[in-house]
Amino acid sequence: MARDPSHLPRACRPQHPVRVAEAALEISRTAIEEQLKICGHKKDADVFELFLSQKELTEVIDLSRFKKLKYLWLHHNKLHGITFLTRNYCLAELYLNNNAIFDIEGLHYLPSLHILLLHHNELINLDATVKELKGMLNLKTLTLYQNPLCQYNLYRLYIIYHLPGVELLDRNQVTEKERRSMITLFNHKKAHIVQSIAFRGKVDASWDPRSPFKQKPAQRVPSDFAFANNVDKTMFDDPEDAVFVRSMKRSAMAITSLNWDTVPTREEKYLEEKDTGPAQMLTITLR
């Protein structure tokens, strides 16, 4: 038989989830008001930064009232999500490390974000995380280490491939070698084109162990192709066809030389044994 909790002390009684959420929001509201007083801000439009770290916050009130907010510190709290950022379009730096965040839905509303720290959280879904971050074209610095998703194989190269604008990942600079590696691993078609151009179409670098060996057909120039037409927009199904056509559009180099067989010698001129017509020129064209 269930016992009536009314006889328990007030501190020990189970609390309703709605009341718990309301209490958490009230704590964050109080923390924000304290920060505004410390900084001397009287208008929301004057707020450019908020320092709310180490406040034991589990929830945060909607911050859309701070239209010009650029810097937000929320690290070392107990947050689970970030749904409180919806209209903070000017936010450039966001510090969310050392929380309990398992979902970053809502970050795509922050197009100006330049620095994002998310290390030491509970992010599990790598694809969902990348999907949320893809729209951030200005994002340059990102930390995700000490999250469960970091255990995925090739995690770092996967992030670099899907977020090419990131320059500093997990406190380490993204190198050109890593960018080349991620192209080879995740974009076989692009790697094939790059290698074909580098080796003049003689090397097939996009090896796929699942595809059987097959002899490639002879390459022919498309019927609608025009030589030396740099504005040609012909689309190709096979990248090697594009490489072949590109090679045919290269500038032609002509080597001209005198055909000495048509030039009479001194004796032939004297004896008039050979027609003394104009000398002929030989021209060899290389592409």
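The structure is a predicted model in which local features require pLDDT of at least 70 and side-chain atom pairs count only at pLDDT 80 or more, whereas totals for chains, interfaces and linings use all residues. Residues are numbered from 1 along each chain as its sequence is written, and side-chain values use heavy atoms, with hydrogens and water left out.

The mean pLDDT of the chain is 77, and 65% of its residues reach 70 or more. Here pLDDT is the predictor's confidence in each residue, from 0 to 100. Residues 197-219 form one of them, with 20 contacts in the model beyond near neighbours in sequence. Residues 225-232 also have pLDDT below 50, with 9 such contacts. A contact means heavy atoms within 4.5 Å. Where pLDDT is low, the predicted coordinates should not be read in detail.

The chain has 7 helices and 9 strands. These elements are DSSP runs numbered from the N terminus (helices: H or I, at least four residues; strands: E, at least two). Of the 287 residues, 31% count as buried. Among contacts with a separation of 6 or more, 40% come from residues 24 or more positions apart.

Helix 2 spans residues 126-133, and its buried residues are Leu126, Thr129, Val130, Glu132 and Leu133. They lie on the same side of helix 2, because they cover an arc of only 160 degrees around the axis. That arc is taken from the directions from the helix axis to the C-beta atoms. The cover over these buried residues includes strand 4 (115-117), strand 5 (141-143) and helix 3 (155-162). The N-terminal end of helix 2 is capped by asparagine 125. A side-chain oxygen of asparagine 125 lies 3.2 Å from the backbone nitrogen of aspartate 127. The cut-off for a polar contact is a pair of N or O atoms within 3.5 Å; within protein, one must be able to donate a hydrogen and the other to accept it, and residues adjacent in sequence count only if both atoms are side-chain atoms.

The count of salt bridges comes to 5. A salt bridge is a side-chain nitrogen of Lys or Arg within 4 Å of a carboxyl oxygen of Asp or Glu. Arginine 29 pairs with glutamate 26 at 2.7 Å, N to O. Both residues sit in helix 1 (residues 17-39), 3 residues apart, and so are separated by about one helical turn. An α-helix has 3.6 residues a turn, so residues three or four places apart point the same way. Arginine 29 is partly exposed at 36%, and glutamate 26 is partly exposed at 41%.

Lysine 78 and glutamate 56 form another salt bridge, at 2.9 Å, N to O. Lysine 78 lies in the loop between strand 2 and strand 3 (93-95) and glutamate 56 in the loop between strand 1 and strand 2, so the pair ties together parts 22 residues apart in sequence. Lysine 78 is partly exposed at 46%. Glutamate 56 is exposed at 52%.

Glutamate 178 meets arginine 156 in a salt bridge, with the closest N and O atoms 2.7 Å apart. Glutamate 178 belongs to helix 4 (residues 176-186) and arginine 156 to helix 3, so this pair ties together parts 22 residues apart in sequence. Both glutamate 178 and arginine 156 are buried. Salt bridges that share partners also join Glu33, Asp44 and Arg65 into one network.

The loop between strand 1 (49-51) and strand 2 (71-73) holds serine 53. Serine 53 is buried, with a relative accessible area of 5%. Beyond neighbours within four places in sequence, serine 53 contacts Trp73, Leu74, His75, His76 and Asn77. Glutamine 54 is found in the loop between strand 1 and strand 2, but is exposed at 61%. Its phi is positive, near 55 degrees. Most residues other than glycine have a negative phi. Arginine 171 also has a positive phi, about 70 degrees. Arginine 171 lies in the loop between strand 6 (168-169) and strand 7 (172-173) and is exposed at 62%.

A search of the whole structure finds 0 disulfides, a disulfide being a pair of cysteine sulfur atoms within 2.5 Å. Cysteine 39 is partly exposed at 39%, and cysteine 90 is partly exposed at 38%.

Terms used: Buried < 20%, exposed > 50% of the residue type's maximum accessible area, 1.4 Å probe, protein only.
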